Amino acid sequence: MTPQGLFVATLAVALVNGMFSPMMPLVFRLFPVWLPEMVPATREIVFYGASLIVSTGTLLLAAVPAALAERLLRLSQTAANAVWLGAALALSAPGLLWLFARL
């Protein structure tokens, strides 16, 4: 698989985690902290914003082991992206298990 394909897969995993993560209720309830006052606090806007925050957090946290592995082990870009995808899957495991249990 190409590095671009691995990156797209990592983004897809992070987006799914943003919707089904167990962290979503916590981020959803903390909307007064992160939502600007000029934005109307409708349920849809808060859910979308919370989902984006969790997705972005997943991408950032999963990038740490990939960057360390790339730097310390001198991995290629494809291998580093595979580590990134694996870390994103590991972070998304609770949300993915919940999603597949509901299907």
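Student: What is the volume of the largest pocket?

Tutor: The largest pocket has a volume of about 160 Å³. This is a predicted model, in which local features need pLDDT of at least 70, side-chain atom pairs count only at pLDDT 80 or more, and totals for chains, interfaces and linings use all residues. Residues are numbered from 1 along each chain as its sequence is written, and side-chain values use heavy atoms, with hydrogens and water left out.

Student: How is a pocket defined?

Tutor: On a 1 Å grid over the protein atoms alone, a pocket is an open set of points where a 1.4 Å probe fits, with protein on both sides within 12 Å along at least five of seven lines; lining residues have an atom within 4 Å of a point. Grid points are joined across faces, edges and corners, and the volume is the space filled by probe spheres set on the points.

Student: Which residues line the largest pocket?

Tutor: Among them are Asn17, Ser21, Pro22, Met23, Ile53 and Leu91. By class, the lining has seven nonpolar, four polar and no charged residues. Here Ala, Val, Leu, Ile, Met, Phe, Trp, Tyr, Cys and Pro count as nonpolar, Asp, Glu, Lys and Arg as charged, and the others, Gly among them, as polar. Helix H4 (residues 43-73) gives the most to this lining, with five residues.

Student: How many helices and strands does the protein chain have?

Tutor: Helices (H or I, at least four residues) and strands (E, at least two) are DSSP runs, numbered from the N terminus. The protein chain has five helices and zero strands.

Student: At what angle do the axes of H4 and H5 cross?

Tutor: Axes are lines fitted to C-alpha atoms, for helices over the stretch in contact, and angles run from 0 to 180 degrees between N-to-C directions. Angles under 35 degrees count as roughly parallel, over 145 as roughly antiparallel, 65 to 115 as roughly perpendicular and the rest as oblique. The axes of H4 and helix H5 (residues 77-102) come within 8 Å and cross at roughly 140°, which means H4 is oblique to H5. Their contact divides into 13 nonpolar, two polar and one charged residues.

Student: Which residues of H1 meet H4?

Tutor: Contact means heavy atoms within 4.5 Å. Helix H1 (residues 3-20) packs on H4 at an angle of about 135°, with the axes 7 Å apart, so H1 is oblique to H4. From H1, Thr10, Leu11, Ala14, Leu15, Asn17, Gly18 and Met19 meet H4 residues including Phe47, Val54 and Thr58. This contact has seven nonpolar, six polar and no charged residues.

Student: Are H1 and H5 roughly parallel or oblique to each other?

Tutor: Their axes come within 8 Å and cross at roughly 20°, so H1 and H5 are roughly parallel. The contact of H1 with H5 has 16 nonpolar, seven polar and no charged residues.
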